[in-house]
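Here is a structure to explore. Take a look at the sequence and the 3D view, then read on.

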Amino acid sequence: MPYLVHSPDDRRQMLEAIGVGSMDELLVDIPGRLRLAHLALPAGLSELETMTQVGGLASRNRVYDDRLSFRGGGVYRRFIPAAVAAVTSKPEFYTAYTPYQPEASQGTLQAIFEFQSLIAELTAMDVANASLYDGATAVAEAAMMAVVQTGRHRVVVADYLHPEYLEVLRGYAEGRGFEVALGVDRLGEDSAALIFQQPNFLGLLEDPSGLTQSAHGAGALAIACVDPISLALLSAPGEYGADIAVGEGQQLGLAASYGGPHVGFIACRRDLTRRLPGRLIGQAHDGQGRRGYVLTLTAREQHIRREKATSNICTNHSLCALAASVYLTYMGPEGLRQVADVSFQRAHSIAARMSALPGVEAVFPERAFLNEFPVRVKNVEQLLSRLDAAGILGGLPAARWYPELDGVVIFCCTEVNDSAALDHLIAAMAQ
Amino acid sequence: MSEPLSIERSRPGLAPPRLPEAGVEALAKLPAGVARRHRPGLPRLSEPEIMRHYSRLAAMNYSISENFYPLGSCTMKYNPVLNEEAAALAGFAGLHPYQDESTVQGALALMWHLERALCEVAGVDRVTLQPAAGAHGEWTALRMIQAYHLARGEERTEVIVPDAAHGTNPASAALCGFKVVEVRSGRDGRVDVADLRAKLSPRVAALMLTNPNTLGLFERDILEMAAMVHAAGGKLYYDGANLNALMGICRPGDMGFDAVHMNLHKTFTTPHGGGGPGAGPVGVKADLVPFLPRPTVEREETDVFRLDFDRPRSIGRVRSFYGNFGMLVRAYTYILAMGGDGLTQASQDAVLSANYLRRRVEGLLEVPHAGPCMHEFVASARKLGEHGIRALDVAKGLLQRGFYAPTIYFPLIVPESMMVEPTETESKATLDEFVDALADIVREARENPEQLRREPTHLPVGRLDEVAAARQPILRWVSEGDPG
């Protein structure tokens, strides 16, 4: 059997050393009526047959050419440098566990310390944690921080937060016992936080300074949910005074992978540090004065505090955070800016060309956007199937979440959509 | 051996990586006031320097690929390399979560079949694959139990958790708004049934239990406990951290558990990744099925699959999209390769190895609870206290001798505890070497405890001052940043 190491003789010797005659004698504590005769699963396969089956499933999926993919909605096609996989596929990283023993885990610890630093730099916040599961749970964790910090029980959400993030937030709120109210006008003296997304789910730019001021005016925290690559161009949460910045890091070197695993991030003002959920890595020194890194401020965490912990999170998405670190280190400040700017320029070029087509119009022509934008078309289904026939994964129909946006499709454009791909899209739309 | 931070190696004059130009007329301008003012302080390094930086960091890590990782309750078993190849297939890694269902039939089929396999292993009716980790699964299960009681018009406010439970159990319960009530362990290391009876009431929503428990002992009275909790109108939640002891031997669902989380990164060999990503699917019995997170994956007819969002009593999503899909691919690949017979043999070998190691360690350290154990056991370094040696020193001594350390100071009910889980993928020869290392540590504890307290001496750093680190936390580098 694959991956098992004992020979029949090993098993016999071990039973003998234990002093029992059979496996059953080791299982005496299990009531007899619970013992299972056998698992009703197919017999095991050879590696060759396993891969034939799994590969068969993979081939039943349609993979669109990155260049011809114009669908975002929280998961984006980006150029991923080869260095990312070369690092994350090192077994020293991917087969290690949470660095409980720091002397033997400095690689993971330093890599996460660098991730925390990179996220703090990108968001212009004081502190970032070791990462969270995804953007949706990061929003929920930030909301819970605000509820505890302010002692208030209503969290206000601005329009067009990612609908799945909102749904996850509602679930956490229901469990934890706080209210989620929609619309900035609900902000008041009872609000723990205002949560807004920049750019929002439709791709439109919000006024983060104004929203932050409104939140603070009501005595609430400002929680900015941000696109990490956009921060090369757009004002960072720390610059406009947000209290907590969260987001989804998939764009930083991670494959779409049908929605996961990706990585959430959370960063905050220094005085909120002890309210952060999850792991934090800090600098330390040994007896000889050598610098190293350790899990720190663990008094917030569940294994120490149990039911009084800031969160129930006991891990992070370390390997995904590592991918993001390699990506950001590869790009550097200029590279990241280049990627963001190319996406911005191409998106505006294609948006202008689309609007010139008969039957296509901008939905919010007065609103600025970055590299994702909504357009209204005559027949969403017809358009998308026509694009599909041309090998194109078209934009995301908005009506699935927003009935008032019937006929609206959200297109996204990044550096992977080259000029030929843009021409192909316009030609297919113009048909 | 040490490696500077990437920012310390950064060279401001270095040319940025070559990236595509826009290729369109750059007409777009950001509106005033939204542009970033200060450039982020990211490092500037060439690719060769980046690769060397991370290779050096990798060399400072201990991993299961290198040697035995005896962390109890973490199930550090071999991560098959085939799993990685499967998850990297373009047909999986290249899928956008909002593609039309007709274009992702293979992905949905994989999720449907994985759900069926997990149902069979755990003895439950349905499974949600959404939760991203074990603790996330705990929380998801409690949310469903909460919704179930509310739907019956019952507001139950308490969750019972044993004193030996993982810290995530009470934390997850608190996150769901429950009051945590602790139940004692008896002298035999198992839940004190009389104490449980005393704590049951119409206020109790659920009992959270790990079986085998964190001492590696099977809760012999589980059927009686389940009957008691059910009679009081409560539900039973199974913490699947220790499921690796039971595959093909017995099933949580048959024991009376109503909700069961499983750690794909433990029992089903997806790699731990230095602390994630994992995956924590949750299985439930029929009466909790309406409350499962949405969407579920349904089979319409043979080999046609769809996502079902129309589930009015669902607790809603617990994360974005459909879970850590890449981890689901790995776990399914493992299950296919192992088959029902292979999974059963894996659990049997895990139990055999733990009992073998337990018997050998008994001669060196105190093992306070009578065996046999299941897949792990807890030893105590208490008696080395007479030489001024603690469990922490034994752990560091193991690092010195080329092993990782067991889980220490958990469970809390055993003083100076060391929780050891060998798993089925460590050979007898490796376990014997581990015992030799432990014997050498015990010898050193008696003969030269000063030396043991200085260990490890050959790793990149010695023992780090964690107290000072927490007092004045330095959680990031500080760069100058530069004006944009």
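What percentage of the 484 residues in chain B is made up of buried residues? Buried residues make up 61% of them; a residue is buried if 20 or more other C-beta atoms lie within 10 Å of its own, exposed if 12 or fewer, and partly exposed in between, with C-beta atoms placed from the backbone.

A quick word on the ground rules. This is a predicted model, where local features need pLDDT of at least 70 and side-chain atom pairs count only at pLDDT 80 or more, while totals for chains, interfaces and linings use all residues. Residues are numbered from 1 along each chain as its sequence is written, and chains are lettered from A and ligands numbered from 1 in the order in which they are written.

Now for chain B as a whole. It has 15 helices and 14 strands; helices (H or I, at least four residues) and strands (E, at least two) are DSSP runs, numbered from the N terminus. The radius of gyration of chain B, taken over C-alpha atoms, is 25 Å, close to the 23 Å from the globule rule (2.2 Å times the number of residues to the power 0.38), so chain B is as compact as a globular protein of its length, 484 residues. Its C-alpha trace spans about 75 × 65 × 45 Å along the principal axes.

Next, a sheet in chain B. Seven strands form an open sheet with mixed pairing, in the order E2-E8-E7-E6-E5-E3-E4; two strands pair if DSSP finds at least two bridges between them. Strands E2 and E4 of chain B stand at the edges with a single partner strand each, so one side of each has no neighbour in the sheet. Inside the sheet, E3 and E5 of chain B pair in the parallel sense over three bridges, and B:Val159 stands opposite B:Ala206 in E5(B). Here are some of the strands:

| Strand of chain B | Residues |
|---|---|
| E2 | residues 126-128 |
| E3 | residues 158-162 |
| E4 | residues 179-183 |
| E5 | residues 204-209 |

How do the two chains meet? The contact takes 170 residues from chain B and 161 residues from chain A, where two residues are in contact if their C-beta atoms, placed from the backbone, lie within 7 Å. On the chain B side, helix H11 (residues 325-362) gives the largest share, 22 residues.

Finally, over in chain A, A:Leu182 lies in strand E3 (residues 179-182). A:Leu182 is exposed, with 12 other C-beta atoms within 10 Å.
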